[in-house]
Structure formats: structure tokens, C-alpha cells
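Visitor: Please take one part of this structure and look at it closely. Then show me how that part sits in the rest of the chain.

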Amino acid sequence: MSYVDEVLELVKKKNASEPEFIQAVTEVLNSLRPVVEANEELYKKNAILERITEPDRQFMFRVPWVDDKGQVQVNRGFRVQFNNAIGPYKGGLRLHPSVNLGIIKFLGFEQIFKNSLTSLPIGGGKGGSDFDPKGKSDREIMAFCQSFMTELSKYIGADVDVPAGDIGTGAREIGFMFGQYKRIKGTFEGVLTGKGLTYGGSLARTEATGYGLLYLTQELMKCHGESMEGKTVVVSGAGNVAIYATQKAQQMGAKVVTCSDSTGWIYDSEGIDVALLKEVKEVKRARLTEYAAARPSAEYHEGRGVWQIKCDIALPCATQNELLIDDAKQLVANGCKCVCEGANMPTTIDATEYLQQNGVWFVGGKAANAGGVATSALEMSQNSERLSWSFEEVDAKLQNIMVNIYHNIDDAAKRYGMEGNYVAGANIAGFEKVVNAMLAQGVC
């Protein structure tokens, strides 16, 4: 049995109740086979794969808080510090009812390689809670965030672990958490990213993941002799990533015709109205039915279905495992040329393989959605320098990072005889940097 297969068997045995984590590890290790086989004796002797698939530490804690009726509620909080070989742990805090330890571990594991790809000195981590912010008052959100940070503050710091926003954790939540951290520790430090602009946040951070996704997609298209101009794009999701991916795609001359949320999806033949989408989702925090009601060209459909729309480019920007094998077949049948992931692991393994086998240019989330964490790291740099850079300066750095990521993953795939396999290229390029640091630092 090969070293990769030995470790996969071990991971499955030790984490049997965590399917998302097993899925992520399986996808990464399978794509790393050529690298591991070329260095098998060294990596096996140093237990590199066992060490990189086992978190440095993981915390699960109780989060009690009081709702507006005076009732005490209890949620679970999580933080997984996965690997800090190249820098402080870095990864978001997800607030969603689906959150459990396995999902946080999968996200933290992916974050190791994504953060490495940015070329910035940040390690991999992730956290969150099964708390649902939807339908809660600002006071209830504050009560939860303060309780959550009271416990989390024991394990984080500007040079230790720097959390950020994620699904359910926006500027409001980050603000409440930062205030509580400052209150407990008595220090003003860059312990969180995604902060407000008045207290250490970075311009362009809100737009970063969506914009970064399009900068990489544009470079991919350009290197294949194509342009974004005039292309039809389907996007899933209606949160931060989807909104700003839509905005940037349309600035590049493409037409985005779909978006979706947890209850349904929109097809807008005239192209998504970004200002209206922002009003519905960022201001009113309402469902997409309100978008359809205000836009005559828009059709609202219950359930899921954006991938059935004919397109040139598909950008899954919602959540994990949302693009299934039947969706991949539909995209191929409709002539889709390119799929780039704006969310974390939104495409199932069989769907990914089908897209690749049928000539679709496919870039996974580790590379394609790295713009968010890259700009978070730029926020860390600004905090360390006690400076604020202009929007244009941050955006230019982001664009440069995303273009470099594309070329790094393209080069890595070519080096191992897998030209065009950008999933393997991303895993290899991210892995090599982390492993070199691990080997240099000894057994730790």
C-alpha cells in the first residue's frame, strides 16, 4: 500500500463521523500523489501527511447567551488551529446551524493550502458556531458574539491566530467580537480581520473574495485566448462573494444572469441588478422574492437550479457541495467553458472529475477564492504598520496576488505532467511551501 493510501485509511478510521473532512483530505492527497511518490521516503520518515492532516489543536466550547425574551440559549463554539508552519493561524468564523466539528476541520484543512497560495505568511485555521444570526435582533447578536469571544479570546492573538468573517459573520458580528476582545484583554491589536474602517479595517476587504475570483477567472480566460467581454455567467449565492463577483464580472463586460439563496434562485435575462441585489440582501436582509418583485425581467424559482441556465462561465459562490454530478452534466451539455469556485468546496468530487474530463477549465476554491484571505492578510500588514492603504492600492495588490496564483498553479500542474489540472496544481503549489517549512522546523 502506498504512503498516500495508508494515510487516507488512517484519516477515514480516525474521523469516520466527519464526511466533509474526509472528502477534503481525499481530494487533496489524491492530487498530491506525484509529489509524495517523488519524496516518499523523506515524507514518510517525517510523517508529513499524518502531521498535515491532524490539527495542531481543536477547541469546542459552550456559548450561553440571553435572548430578547430573557431565555438563556446555548450554542456550541469551535476553533481548529490546523497548521502554523508559515505564519499565524488564519481563517474565518462561520455562524450557521450546519456548523459542526467536521465542517470546521474541512475548512481549516483547506485553509492551509489556500493561505499558502497567497504567498503571504499565514497558516491555516477555522472556527465558528451552530448559532443562526437570521431573525435575531442586534442585541441578541451582540449577546452571542460577546459570549463567544469571551471563550475564544483565550486562544487567539495578533501573532497567534487571527480569525475573520465567513458565512453569517459580517462587519456587525466582527465589531461586537472585537469590542469584547478589547474589553477582556485591554489591548488594541489586529486580532480580527474584516473590521470596520474606523477601527483598523481595510478598504476593499468587503469586495475582495468576489473581485479576486474574477481576477483569476479573467487571467485563466486570457491565457486560453478568451475574454470576459460578452460572456454569460451564472452565479450561485447572494451573499458577499456572489454580490461582488457579479459586480466585477459585469465591470469586465460579462452578463451575470443568476443568483440564489437558501430558499430559491433568480434568473434575470437582462443581467443581475447589483444595486437592487445589495438593497435586498445587505440592507433589508430579505429573501430573493423581493428582488423578483422589484425587477420585471427577473424570474424567481423555488429550490435550486442555477446550473441549468446556459452559460459560458459558472461561479459557485454559495456553500459546500452545491454543484452535483447532474449539474456538471448540464453545464457541459450547455457548452460551459469555465468553472471557478467562489465558495469552499462547492463542487463534489465526481462533478469536479466530470467537468475536467469534458474539457471544462476548472479552478477550485483554494486558488479561486483566496482573494478574501489574501486581503485579510493585507489588513494584518496595515494593522502592524499602523497604516491604512487606499482602495486602489489594496485592489492592485489583490489583482497581482490572484494573477500570480493562477500562474503558480498552472506551473505546478505542468511540472508534474498534469497540464490543465488546476485542482492538482493548487494543492501541489500550496503543499510544497508548507512542507518545506515543516521540514525546516523539525518535529513539531
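**A loop residue and its surroundings**

Guide: Arg386 is exposed, with a relative accessible area of 66%. Exposed means over 50% relative accessible area, buried means under 20%, and partly exposed lies in between (1.4 Å probe, protein chains only). This is a predicted model: local features need pLDDT of at least 70, side-chain atom pairs count only at pLDDT 80 or more, and totals for chains, interfaces and linings use all residues. Residues are numbered from 1 along each chain as its sequence is written, and side-chain values use heavy atoms, with hydrogens and water left out.

Where is Arg386? Its place is the loop between H16 and helix H17 (391–415). Helices (H or I, at least four residues) and strands (E, at least two) are DSSP runs, numbered from the N terminus. The backbone of Arg386 has a positive phi of about 55 degrees, although Arg386 is not a glycine.

Arg285 also has a positive phi, near 50 degrees, and is a residue other than glycine. Its loop runs between helix H11 (274–283) and helix H12 (289–294). Arg285 counts as exposed, at 55% relative accessibility.

Now step back to helix H16. Glu379 forms a salt bridge with Lys195, and their closest N and O atoms are 2.7 Å apart. Glu379 lies in helix H16 (residues 371–385), while Lys195 lies in the loop between helix H8 (171–185) and helix H9 (208–223), so the pair ties together parts that are 184 residues apart in sequence. Both Glu379 and Lys195 are buried. A salt bridge here is a side-chain nitrogen of Lys or Arg within 4 Å of a carboxyl oxygen of Asp or Glu.

The structure holds 25 salt bridges. One of them joins the side chains of Arg172 and Glu173, at 3.0 Å from N to O. Arg172 is buried, and Glu173 is buried too.

Another salt bridge joins Arg304 and Asp327, at 2.5 Å from N to O. This pair links distant parts of the chain, 23 residues apart: Arg304 is in the loop between strand E10 (298–302) and strand E11 (313–316), and Asp327 is in helix H13 (residues 325–333). Asp327 counts as buried, at 12% relative accessibility.

Asp159 is exposed, with a relative accessible area of 72%. Look for Asp159 in the loop between helix H7 (138–152) and strand E5 (161–164).

Last, the whole chain. How many helices and strands does the protein chain have? There are 18 helices and 13 strands. The radius of gyration is 21 Å, close to the 22 Å that the globule rule gives for 444 residues, so the protein chain is as compact as a globular protein of that length. That radius is taken over C-alpha atoms, and the globule rule is 2.2 Å times the number of residues to the power 0.38. The C-alpha trace spans about 65 × 55 × 45 Å along its principal axes. Of the 444 residues, 58% count as buried. Take contacts (heavy atoms within 4.5 Å). Among those between residues at least 6 apart in sequence, 72% join residues at least 24 apart.
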